[in-house]
Amino acid sequence: MGGVRGKSQGCGTCRARKIACGQERPSCSQCLKSNRQCLGYRRDRVFVLVQPGAKESSRTTRQDHANNQIILDQGPGNVIIMSCHIRQRLLDEFIGRCLPHTRFLSPKHYRPWLFLLPDIPTRSKALEFSTLAISCAALGRKFQDTALIHQSLKAYTRGLREMQRALWNASLMHDNETLAACLVLSLYELMECPDNGADAYLSHCRGFLSLIKARGMDAHTAGIGHDLFLGVRLQGILDAIGHRVPNFLCDRAWCQDPWTSRPKRMADRIADCLADIPSILQRYDQLSSLNRADILNSTYLLVGECLRIDQTLQDIYEAIRLEVSGPLYWPVLSQSFQSSAPGQGQFSVVYNFPDLKTATLLMLYWASKALLWATLSNLYDVIQLQDLRGAAASIVEVTSEKHNLGPNKYDESSPDRDSPTRDDGQNYMSMARNVCQSLEYCLQEDMSLLGIFAASTPVIIAIWAIRYRQNDEAELAWLMGVSQKMHQGLRMWPYI
């Protein structure tokens with residue numbers, strides 16, 4: 001794609017009015033006569049496709065570096081960005097057209113970090129080009145404008161180069177703009193998957209985790225630094241769960257100190273519970289190296305930790321219930337998921353919510369429960385395998401007083417259940433199903449990309465819960481089938 005000058009030599013105002021321009025400077029006679037502001041004679045770039053491998057002229061190269069203006073001579077994107085002379089305007093169009101969410105009701109500092117990008121200064125070229133990349137990509141996909149999508153890839157490539165330069169610059173490395181650019185580039189990789197795999201995204205995850213740690217806790221206690229930290233934190237905890245080894249974000253200090261000037265949200269409290277799981281998974285994996293007596297003692301300790309997390313999650317659920325006037329969710333007939341063979345993962349009944357914020361919290365709560373209960377079921381299996389039925393029975397008896405651990409059957413209309421016992425290990429699947437029955441709400445057209453972003457983390461956790469429990473391929477295929485619509489906004493989805 002090369003940049004060339006347009007044909008008209010008139011001022012910007014006359015060209016917009018499609019009249020002959022006198023071409024006087026600094027203001028033409030037509031604008032003076034009609035008492036209009038003359039926009040001058042600065043030339044716009046018109047991007048046109050060229051043959052691959054064609055030799056690039058020096059003028060094209062210079063114009064290719066001037067990305068403050070992006071004008072397309074055809075395609076729906078032309079209508080959107082004809083007047084977008086700077087990254088800020090294009091970013092506003094992306095947020096307004098691709099993240100229009102009147103039902104995401106929450107205070108300003110609780111909004112997703114994407115909504116805060118326009119408030120971040122644009123001193124950083126890395127942030128300028130990375131936000132240009134996701135804006136062009138999202139708008140291009142929405143309006144099926146291939147030229148705009150191609151432009152997004154060019155901006156992404158430039159953003160990567162600028163990010164590397166920022167990380168080499170000691171005065172820029174720890175800036176909020178650099179961290180924001182790193183987050184935006186990772187989001188572009190989720191949305192567009194430019195290398196047809198997950199390697200680039202995983203590399204960026206490691207990068208922004210290292211950047212957060214290098215910046216230190218003091219950089220994340222207030223302002224935009226805190227908001228960006230919240231955008232990174234859950235992804236970092238998921239990385240630790242995926243590797244079954246805790247990282248620095250799972251440390252108690254990192255779960256407390258960044259909130260010295262702000263109260264924790266419900267989502268932050270759920271993330272605290274998830275931060276404890278990598279350590280449990282790590283110690284579970286180490287059980288096989290212990291002798292029989294130590295295995296039993298360690299398993300009892302892990303069961304106790306899981307039950308404490310379970311109680312904390314239940315307390316969070318009750319707090320969410322108190323925050324919302326009216327029901328948290330209610331069943332409705334599905335509009336898009338059609339019935340298939342019995343038990344094949346399609347639902348005739350799905351859940352509706354008062355707003356996306358509530359849907360996001362409940363899906364994250366259910367997914368966390370699914371992962372926790374799958375881990376508990378594995379621990380109960382370990383106890384059973386030790387052939388100490390009396391000790392195992394006493395564990396069930398003790399925990400049942402607090403958590404009502406009696407067997408119960410799956411009931412689609414009652415999604416909140418007590419913790420599983422070793423005789424009832426399928427409760428984690430009921431939580432995973434709740435996540436799937438919430439997907440249709442998040443994937444409604446008017447939710448746009450924000451609904452897809454909100455649903456992605458709970459779905460991933462629910463998939464892990466099934467895999468951690470029994471690696472049940474049939475159930476896993478069922479869950480992946482239900483979540484296939486995620487691919488329309490996250491092209492990396494098949495690789496996750």
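Buried means under 20% relative accessible area, exposed means over 50%, and partly exposed covers what lies in between, with a 1.4 Å probe and protein chains only. This is a predicted model, in which local features need pLDDT of at least 70 and side-chain atom pairs count only at pLDDT 80 or more, while totals for chains, interfaces and linings use all residues. Residues are numbered from 1 along each chain as its sequence is written, and side-chain values use heavy atoms, with hydrogens and water left out.

**Whole chain**

- The protein chain contains 18 helices and 5 strands, where helices (H or I, at least four residues) and strands (E, at least two) are DSSP runs numbered from the N terminus.
- Of the 496 residues in the protein chain, 52% are buried, and the chain exposes about 22700 Å², of which carbon and sulfur atoms supply 52%, the areas coming from the Shrake-Rupley method with a 1.4 Å probe.
- Among the contacts in the protein chain with a separation of 6 or more, 71% are between residues 24 or more positions apart, a contact being heavy atoms within 4.5 Å.

**Annotated segment**

- An unreviewed UniProt entry lists residues 10–38 as "domain: Zn(2)-C6 fungal-type"; such annotations may be inferred rather than shown by experiment, feature names are shortened, and positions are given in the numbering used here.

**Helices H6 and H8**

- Helix H6 (residues 125–142) packs against helix H8 (residues 176–192) at an angle of about 25 degrees, with the axes 8 Å apart; axes are lines fitted to C-alpha atoms, for helices over the stretch in contact, and angles run from 0 to 180 degrees between N-to-C directions.
- H6 and H8 are therefore roughly parallel to each other, since angles under 35 degrees count as roughly parallel, over 145 as roughly antiparallel, 65 to 115 as roughly perpendicular and the rest as oblique.
- The H6 and H8 crossing is left-handed, a term used if the near helix is turned anticlockwise from the far one by less than a right angle, with right-handed used if clockwise.
- Contact residues include Ala126, Leu127 and Ser130 of H6, and Glu177, Ala180 and Ala181 of H8.

**Helix H11 and its cover**

- Helix H11 (residues 266–275) has 8 of its 10 residues buried, so it is largely enclosed by the rest of the structure; the buried residues include Met266, Asp268 and Ile270.
- The cover over the buried residues of H11 includes H10, helix H12 (277–285), helix H13 (292–323), helix H14 (356–385) and helix H17 (448–469).
- The axes of H11 and H14 come within 10 Å and cross at roughly 10 degrees, which makes H11 roughly parallel to H14, and the crossing is left-handed.
- Met266, Ala267, Ile270 and Leu274 of H11 meet Leu361, Leu364, Tyr365, Ser368 and Leu371 of H14.

**Individual residues**

- Gln235, in helix H10 (residues 223–243), is partly exposed at a relative accessible area of 21% and, leaving aside neighbours within four places in sequence, is in contact with Leu183, Tyr201, Cys205 and Phe208.
- Gln144, in the loop between H6 and helix H7 (146–168), has a positive phi of about 55 degrees although it is not a glycine, and its relative accessibility of 70% makes it exposed.
- Ser448, which lies in helix H17, has a positive phi of about 55 degrees without being a glycine, and counts as buried at 16% relative accessibility.
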